[in-house]
Amino acid sequence: MNDSDSDWSSDCDEEEGDTSLYHSICEPEKTFPSMREAVDYDSQTHNFSLFELLPVSDFFLALRFVNFCRSCVAGKSDGDHINIGDMLKRAITENEHVWSKVVDEDSNVAEDDEDSNHNLYKPVIEEDALILNLDDAIDMARKCQQHQSSSSEDYEEIVDDLRAQISALKSQLQDAKDLISTLSSSSGSKEGVLKLFNDDGSDGSKLAQKKEVVDNDSYYFESYAHYGIHEAMLKDTVRTSSYERAICENRQLFEGKTVLDVGCGTGVLSIFAARAGAKKVVSVDDSDIINQARQIVEANGYDKVISLVRGKIEDVNLPLVKDEVDVIISEWMGYALFFETMLPSVISAR
């Protein structure tokens, strides 16, 4: 059953007490206790919805239409290897001049003329309940067709909105392609790029200043400023316990030594080194997380052993280190070993 056939069903029920049997249009030998059931059967079984096709402008036009449909299927069945629904819709279209024509009472056209529709005023089925309740059928068909029309308008509106969105997205995509092309070309100077962003006519000097002060190092260290990323690493017990064993189970390498922790983060490796007997640990990091590292070191009672230094290892002056350190520790391996790109810093420290 089509969606449109179901919407009118809730408020278009036949009057109670009607005991007439309604014959299917496509299979007249099948009868149903209600008009709706008969129409639903044809819609579901034969893809023929009477209420989508029934003329609603005139009672006699609807009468001729129903009788024409009845006459087309008389004597036919699925056993004839035809699709009755398709056959019937094709006959309605091809013979519209027959069932839609108004017959003049004074016309001399013979009733058996193939173009005459005199006989379409006579019921094909005696006491046809559909004909007897044709006014109800017309009301149901009108509501069904109004719903279809409304749904079609809504669909067209949705399609128009989607087309507008697609057009806007295509425009944005083209703008992005043009920008990338400009940035990639040899003529994409800073002035040319800034011009793309300044629709107000300004020279973009503020944007230039902003772009000049942002570098990759700043972005890198800022990404490690929040405790969340460090929490995820510390909760990796396999990782953290492996570092702990490597340091604390090799106490002879750390006891009484000066240790440098490159990129100390929260200071967990520095604490392990202090626990392993290091005389002095210098912990270096250029991220804001070093502020939390100081609190962690103090809370664990190692603030006399561990000194925390804010800065890049390539640039800072290390306190209490005259010539060189004895041991360098660092968790320089990121995702897939090289993601964090810290190995050059460890080599520089060495």
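Predicted model: local features only at pLDDT ≥ 70, side-chain atom pairs only at ≥ 80, totals over all residues.
**Exercise 1. Confidence and overall make-up**

State what pLDDT the chain averages, and how many helices and strands the chain has.

Solution. The predictor's confidence in each residue, from 0 to 100, is the pLDDT. The chain averages 76, and 69% of the residues score at least 70. Over residues 186-197 the pLDDT is below 50, and this stretch has 13 contacts in the model beyond near neighbours in sequence; contact means heavy atoms within 4.5 Å. Residues 199-216 also have a pLDDT below 50, with nine contacts beyond near neighbours in sequence.

The chain has 16 helices and six strands. Of its 350 residues, 36% count as buried. Among contacts with a separation of 6 or more, 59% come from residues 24 or more positions apart.

**Exercise 2. The buried face of helix α5**

Identify which residues of helix α5 are buried, and state why they line one face of the helix.

Solution. Helix α5 covers residues 84-94, and its buried residues are Ile84, Gly85, Met87, Leu88, Ala91 and Ile92. Seen down the axis of α5, these residues fall within an arc of 165°, so they line one face of the helix. The arc is that of the directions from the helix axis to the C-beta atoms. An α-helix has 3.6 residues a turn, so residues three or four places apart point the same way.

On the other side of α5, Thr93 and Glu94 are exposed. The buried residues pack against α2 (35-46), α3 (50-53), α4 and α6. At the start of α5, a side-chain oxygen of Asn83 comes within 3.2 Å of the backbone nitrogen of Gly85.

**Exercise 3. Helix α15**

Identify which residues of helix α15 are buried, and which are exposed on the other side.

Solution. In α15 (residues 289-299), Ile289, Ile290, Ala293 and Val297 are buried. Their arc, seen down the helix axis, is 90°, so they line one face of the helix. Gln295, Glu298 and Ala299 are exposed on the other side. Gly301 follows α15 and has a positive phi, near 80°.

**Exercise 4. Aromatic pairs**

State how many aromatic pairs there are, and which parts the pair of Phe60 and Tyr121 ties together.

Solution. Rings of Phe, Tyr and Trp (its six-membered ring) pair if their centres lie within 6.5 Å; planes under 30 degrees apart count as stacked, over 60 as edge-to-face and the rest as tilted. By this rule there are four aromatic pairs. One of them is the tilted pair of Phe32 and Tyr41, at 5.3 Å centre to centre with 40° between the planes. Phe32 counts as buried at 15% relative accessibility.

For Phe60 and Tyr121, the ring centres are 6.4 Å apart and the planes stand at 50°, so this pair is tilted. Phe60 lies in helix α4 (residues 59-73) and Tyr121 in the loop between α6 (96-99) and α7 (129-132), so the pair ties together parts that are 61 residues apart in sequence. Phe59, Phe60 and Tyr121 form one aromatic cluster.

Conventions. Residues numbered from 1 in each chain as written. Heavy atoms only, no water. Buried < 20%, exposed > 50% of the residue type's maximum accessible area, 1.4 Å probe, protein only. Helix = DSSP H or I, 4+ residues; strand = E, 2+ residues; numbered from the N terminus. Polar contact = N/O pair within 3.5 Å; in protein donor to acceptor, adjacent residues only side chain to side chain.
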